[in-house]
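Q: I have a sequence and a model on my screen. Please show me how to read its features one at a time.

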Amino acid sequence: MASTNSFSSYGSVAKTFHWLTALLIFTALPLGWIADNLAYAVLHAPTAPSEAEIARAARIFSLHKTVGVTVFFVALARIVWAFTQTKPGLLNADNKPEAFAAETVHWLLYGSLVLVPLTGWVHHAATEGFAPILWPFGQNLPFVPKSTIVAEVTGVLHWLFMWTLVGALVLHVAGALKHHVIDKDSTLRRMLPGGSDAPEPPRQHHSLVPAVAAVAVWALALTGGWVSGEFAREADDDDADVQLAEVQSDWQVQNGTLTITISQLGSPVTGSFSDWTAAIAFDEPTDPGPAGSAEVTIAIGSLSLGTVTEQAMGADFFDNAQFPTAQFTADLFRTESGYEARGPLTIRDKTIDITLPFSLDLQDGTATMAGSVDLNRLDFDVGTSQPTEDSLGFTVTVTVELAASRGQ
């Protein structure tokens, strides 16, 4: 059997690509369905999920993502090969509507085989969360930021394109069976391994109209997603969320970030709190000693922590419903080597004295500070259902950076 195509048959390379792609797709789809169900069970469990349950969901998701990336590269190689080859003619070219439908479905298949894994890969790269791709590359992509908006949009696109792919697959398989069982022609047999006795197809002209029709189908899928509200960002209507009021402060925070970094299945995941306040009193001492005070209030519900945000709000973790805020009341000190904020930190119903070292730069009435401290989550009863570091590390790194100006 020849490796290249002819007008009447497919070569061995095209057949290999076809059946390899089929194997990968029919592996990725059920893995994705199982992973979605396991993740939903973990995130919406009435009790805290065990480490084994989290690890199982992450493992299936990792396999799904890894197979998906493989589909992407195989599909690209298959498309490149197809464009270098003679396109075997349709055996039913005289049936214009059926031929048009067949070519449109082929365009949908080729495009979806790229769009589905690509949007999934971009979604993964834009998301902070667990379940890494098992390839030695691929956790991040050039020009793809860690962004909730990008992750949400590409997640919806991945879902819409996946259903487009499923529809095209159903039509493709149904068409092949129709040719084999009803028409009793060689359409299916000429894609099976080995040689085929396919007759010479009638002369035909391939136009780009089916490709345009495929683009129209994708456009309809996107329009349907938009009209149905799939692209609308989910509003957090949790009654336990609080909106922090402004506080009186000698120093007014102009801008700043408050982030935490955890280790999920050995990979770092960084999230940030969008709502927090700081009441700061500070006077620069000439010698090491007391320098002022700071009272920081954090709205726990404002945390964005990638794919594990909802889990972090649960009763076994921050328990946002019962403990909507965290508090840090600190005395500020100048030391021989820098500055420190010392005082009690309250998370949930646990209060522990901590020391946060920080750097400080004072320029023309503006103070710029940066500091970080490592905490042990178990000290605050966070994630007690995961008493080991198999899925969630003990250490949580808290980092704060801000610029503040002295009030008038």
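Predicted model: local features only at pLDDT ≥ 70, side-chain atom pairs only at ≥ 80, totals over all residues.

Q: How far apart should the ends of helix α5 be?

A: Helices (H or I, at least four residues) and strands (E, at least two) are DSSP runs numbered from the N terminus. The expected span of a helix is 1.5 Å times one less than its number of residues. Helix α5 covers residues 209-227, and its 19 residues should span 27 Å; the end C-alpha atoms are 26 Å apart, which agrees.

Q: Which residues of α5 are buried, and where do they lie around the helix?

A: Buried means under 20% relative accessible area, exposed over 50%, and partly exposed in between, with a 1.4 Å probe and protein chains only. In α5 the buried residues are Pro 210, Ala 211, Ala 213, Ala 214, Trp 218, Ala 221 and Gly 225. Viewed down the axis of α5, they fall within an arc of 165° (taken from the directions from the helix axis to the C-beta atoms), so they line one face of the helix. The face turned away from that buried side carries the exposed residues Val 212, Leu 220, Trp 226 and Val 227.

Q: What do the buried residues of α5 pack against, and what follows the helix?

A: Contact means heavy atoms within 4.5 Å. The buried residues of α5 pack against α3 (96-126) and α4 (148-183). After α5 comes Gly 229, with a positive phi near 85°.

Q: Which strands pair with β10?

A: Two strands pair if DSSP finds at least two bridges between them. Strand β1 (residues 251-264) pairs with β10 (residues 395-406) in the antiparallel sense over 10 bridges. Strand β9 (residues 366-376) also runs antiparallel to β10, joined to it by 11 bridges. Val 398 in β10 is the bridge partner of Ile 260 and also of Val 373.

Q: Is β3 enclosed or open to the outside?

A: Five of the seven residues of β3 (residues 276-282) are buried, so this strand is largely enclosed by the rest of the structure. Strand β3 pairs with β4 (residues 289-299) in the antiparallel sense over seven bridges, and the two form a hairpin with six residues between them. Within this pairing, Ala 278 stands opposite Val 296 in β4.

Q: How many cavities of 30 Å³ or more are there?

A: Rolling a probe the size of a water molecule over the atoms shows where empty space is left. On a 1 Å grid over the protein atoms alone, a cavity is a set of points where a 1.4 Å probe fits but cannot get out, and a pocket is an open set with protein on both sides within 12 Å along at least five of seven lines; lining residues have an atom within 4 Å of a point. Grid points are joined across faces, edges and corners, and a volume is the space filled by probe spheres set on the points. The count comes to one cavity of 30 Å³ or more. The largest cavity holds about 860 Å³ of space and is lined by 47 residues, with Leu 258, Ile 298, Val 398, Thr 399 and Val 400 nearest its centre. Strand β10 gives the largest share of that lining, six residues.

Q: Which residues lie nearest the centre of the second largest pocket?

A: They are Tyr 10, Lys 87, His 106, Tyr 110 and His 172, out of 48 lining residues. The elements giving two or more residues to this lining are α1 (12-43), α2 (51-83), α3 and α4. The largest share, 10 residues, comes from α3. About 1400 Å³ of space lies in the pocket.

Q: Is Ile 262 buried or exposed?

A: Ile 262, in strand β1, is buried, with a relative accessible area of 10%. Leaving out residues up to four places away in sequence, Ile 262 touches Ser 267, Pro 268, Val 269, Leu 305, Leu 392, Thr 395 and Val 396.

Q: What is the phi of Phe 143 and of Lys 184?

A: Phe 143 has a positive phi near 70° in a residue other than glycine; Lys 184, also not a glycine, has a positive phi of about 55°. Phe 143 is in the loop between α3 and α4 and is exposed at 86% relative accessible area. Lys 184 is in the loop between α4 and α5 and counts as exposed at 63% relative accessibility.

Technical notes: Residues numbered from 1 in each chain as written. Heavy atoms only, no water.
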